[in-house]
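Thank you all for coming. Please take a moment to look at the sequence and the model on the screen, and then I will walk you through it slowly.

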Amino acid sequence: MTTQELIKRYRISLKIDEHGQPNGNLVVYRADKAALAAIKAAKPEIVAVLLAQREASLRAEQERQAKIDAIPGLREIEAARIDLVNWKLEFDASFDGEGGGGVGVRPKPKYDMDALHAKYPRAKAYLDAMDFAESANDAKAAAGRKALEAIINGENYERAASTMEAEWKSHAASHIWD
């Protein structure tokens with residue numbers, strides 16, 4: 001049995017320490033005594049393969065995050081959204097104690113979200129796709145994930161957003177009587 005076959009068949013993974021780093025030990029989810037002997041004999045190769053897979057996965061995630069970070073205006077829109085949510089929480093909390101009633105709360109931040117969205121349409125499309133992708137509805141989430149990946153990978157964001165909307169509308173229309 002090859003190293004890959006051992007890993008897959010016995011669901012072998014690296015043991016991760018409290019700092020999120022592999023410690024050289026293996027976790028074997030299902031194996032009999034004969035399989036354990038084969039796993040022990042192949043441990044160095046198994047560890048090497050799993051470490052290489054981990055590195056490739058980390059590298060791919062870093063590349064993906066770099067593409068997301070490169071979307072113009074995304075951080076600006078997210079910062080504005082976060083500031084508005086924080087202000088709302090502060091405002092609501094000001095009513096929890098005696099008196100108060102909003103006194104002493106900083107003024108509401110003034111963001112023109114429509115202008116930000118118009119200035120950064122790709123970032124807006126990304127955030128809309130992210131909202132879809134986080135939906136509890138499987139069909140809506142699938143459409144959102146597909147659009148999200150298209151936008152991240154630099155495809156036409158307008159086409160990705162319109163396809164996402166069309167897929168969701170089609171699904172909703174076909175399940176209106178469910």
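Predicted model: local features only at pLDDT ≥ 70, side-chain atom pairs only at ≥ 80, totals over all residues.

Let me begin with the radius of gyration, which is taken here over C-alpha atoms and compared with a globule rule of 2.2 Å times the number of residues to the power 0.38. A compact globule of 178 residues would come out near 16 Å, but this protein has 24 Å. Along its principal axes, the C-alpha trace spans about 70 × 50 × 40 Å.

Residues are numbered from 1 along each chain as its sequence is written, and side-chain values use heavy atoms, with hydrogens and water left out.

Now to the secondary structure, where helices (H or I, at least four residues) and strands (E, at least two) are DSSP runs numbered from the N terminus. The protein has 8 helices and 2 strands, and their pattern along the sequence reads α-β-β-α-α-α-α-α-α-α.

How much of the protein counts as buried? The answer is 25% of the 178 residues, where buried means under 20% relative accessible area, exposed means over 50%, and partly exposed lies in between, using a 1.4 Å probe and protein chains only. The protein exposes about 11,800 Å², of which carbon and sulfur atoms supply 55%; such areas come from the Shrake-Rupley method with a 1.4 Å probe, and for residues only the protein chains shown count as cover.

Let us turn to the inside. In soluble globular proteins, nonpolar side chains tend to be buried together. A nonpolar core, as the term is used here, is a set of buried Ala, Val, Leu, Ile, Met, Phe, Trp, Tyr and Cys residues joined through side-chain atoms within 4.5 Å. The largest one in this model has 23 residues, and those with the most contacts inside it are Leu74, Ile77, Tyr126 and Ile151. Two or more residues each come from helix 4 (74-93), helix 5 (113-119), helix 6 (121-133), helix 7 (138-152) and helix 8 (157-174), and helix 6 gives the most, with 7 residues. Leaving aside residues up to four places away in sequence, Leu74 touches Ile68, Ala123, Tyr126 and Leu127, a contact being heavy atoms within 4.5 Å. Apart from this core lies another, of 12 residues, among them Leu6, Ala35, Ile39 and Leu50.

Staying with contacts, and taking those in the protein with a separation of 6 or more, residues 24 or more positions apart account for 51% of them.

Met130 has its place in helix 6 and is partly exposed, with a relative accessible area of 25%; its C-alpha atom is separated by 7.3 Å from that of Arg145, which is 15 residues away along the chain. Ala48, in helix 3 (residues 43-69), is partly exposed at 45% relative accessible area, and from C-alpha to C-alpha Ala48 and Thr3 are 9.9 Å apart in space, although 45 residues apart in sequence.

Finally, which residue has a positive phi although it is not a glycine? That residue is Arg11, with a phi of about 50 degrees, and Arg11 is found in the loop between helix 1 (3-9) and strand 1 (12-16).
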